[in-house]
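Please keep the sequence and the model side by side while reading.

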Amino acid sequence: MSFWDGLWRGRSMDYESGSAATNSIELTKRHPTVSLNKQGAATGNLRVNLSWQMRTSDIIGKPKGGGLLRHPFKMFQPDVVQAHTQGVVNVDLDLGCLYETVDGAKGVVQPLGSFFGDLNGPPFVKLSGDDRFGSPSGETIYVNLDQRESIKRLLFFAYIYDQTPAFDRTHAKVTLYPSNGPRIEIDLDERQPQARSCAIFTLENVKDELIVRREVKFVYGFQAELDRLYGWGLQWGRGYKSKVGGT
């Protein structure tokens, strides 16, 4: 085996089993899938977290003047701040999940309409609450993988509520935290200025194996358009948020 073969094999192993340095797997266009079973992560509660930041330049404008001569590469790096530190910015990304169970039941878990789900009963998916300020904790949905034999497929998505700036002005990331094994990260890094919703990833039960597949597909409508894209077949109407999120 040559030196270069060793480097390539090392990179492949990092993808399959997680990086020892960061203990994470990043799903990309080139490597879009991972098996939770092969990671030893197909049991317990899977925590799915959505967090985001805003570009400083979109809030207060880019600073002018010095700094570039000493650090010339900074001109290619957008400044970011935690969204919740800028009270004047109306940031409201929501995390939702379309579900289909093995017995054919279909539905949605999301803040709109207060569909918070259930972790210990069907659909075994629960939204922990609605974060309207982009705090570091973000929004979180839990999936009870101990009931994986009841789950056929899940589609996790994010959407922009009300007058929130478009996806191209936010740095959004979804992180999956299994009960065992490395975390799984998916960046919503494609720029779609007019998009209102994004299909982030699917979790499917394929012959008793749980497969996570990166999607990152932006659409210009809302849940109904995602439904049509993935063939869920639900009926959609206008939804509203309650004043207090779920627990």
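How many residues lie between E11 and E12 in the hairpin that they form? There are five, and Gly181 in the turn has a positive phi of about 85°.

## Basis of the model

The structure is a predicted model: local features need pLDDT of at least 70, side-chain atom pairs count only at pLDDT 80 or more, and totals for chains, interfaces and linings use all residues. Residues are numbered from 1 along each chain as its sequence is written, and side-chain values use heavy atoms, with hydrogens and water left out.

## Overall make-up

The protein chain has two helices and 14 strands. Helices (H or I, at least four residues) and strands (E, at least two) are DSSP runs numbered from the N terminus. Of the 247 residues in the chain, 44% are buried; buried means under 20% relative accessible area, exposed over 50%, and partly exposed in between, with a 1.4 Å probe and protein chains only.

The accessible surface comes to about 13400 Å², and carbon and sulfur atoms hold 51% of it. Such areas come from the Shrake-Rupley method with a 1.4 Å probe; for residues, only the protein chains shown count as cover. Among contacts (heavy atoms within 4.5 Å) with a separation of 6 or more, 68% are between residues 24 or more positions apart.

## The six-stranded sheet

An open sheet of six strands runs in the order E2-E14-E13-E10-E5-E6, with antiparallel pairing. Two strands pair if DSSP finds at least two bridges between them. Strand E2 (33-35) and strand E6 (106-109) are the edge strands, each pairing on one side only. Neighbouring strands are turned by 20° against each other on average, direction ignored; the axes are lines fitted to C-alpha atoms, for helices over the stretch in contact, and angles run from 0 to 180 degrees between N-to-C directions.

E10 pairs with E5 through nine antiparallel bridges and with E13 through seven, also antiparallel. Arg153 of E10 is the bridge partner of Glu100, and Arg153 also stands opposite Glu204 in E13. Glu100 in turn stands opposite Lys106 in E6, where E5 and E6 are joined by four antiparallel bridges. E10 is mostly covered, with nine of its 10 residues buried.

## Pairing around E12

Strand E12 (residues 183-188) pairs in the parallel sense with strand E1 (residues 24-26) over three bridges, and Ser24 stands opposite Arg183. Strand E11 (residues 170-177) pairs with E12 in the antiparallel sense over five bridges. Thr175 has Glu185 as its bridge partner there.

## Nonpolar cores

A nonpolar core is a set of buried Ala, Val, Leu, Ile, Met, Phe, Trp, Tyr and Cys residues joined through side-chain atoms within 4.5 Å. The largest has 42 residues, and those with the most contacts inside it include Leu36, Leu154, Phe167 and Phe201. Strand E10 (residues 151-160) supplies the largest share of this core, five residues. Apart from it lies another core of 12 residues, among them Phe157, Val219, Leu226 and Trp232.

Beyond its neighbours within four places in sequence, Phe167 is in contact with residues including Leu93, Tyr159, Leu188, Cys198 and Phe218.

## Helix H2

In helix H2 (residues 223-230), the residues Gln223, Leu226, Asp227 and Tyr230 are buried. Seen down the helix axis, the buried residues of H2 fall within an arc of 105°, so they line one face of the helix. The arc is that of the directions from the helix axis to the C-beta atoms. In general, an α-helix has 3.6 residues a turn, so residues three or four places apart point the same way.

The cover over the buried residues of H2 includes strand E5 (93-101), E10, strand E13 (197-206) and E14. Gly231 follows H2 and has a positive phi, near 65°.

Arg214 is found in strand E14 (residues 209-219) and is buried, with a relative accessible area of 10%. Leaving aside neighbours within four places in sequence, its contacts include Asp187, Asp189, Glu190, Ile200 and Phe201.

Asp118 lies in strand E7 (residues 117-118) and counts as partly exposed at 36% relative accessibility. The C-alpha atoms of Asp118 and Val143 are separated by 9.1 Å, with the two residues 25 apart along the chain.
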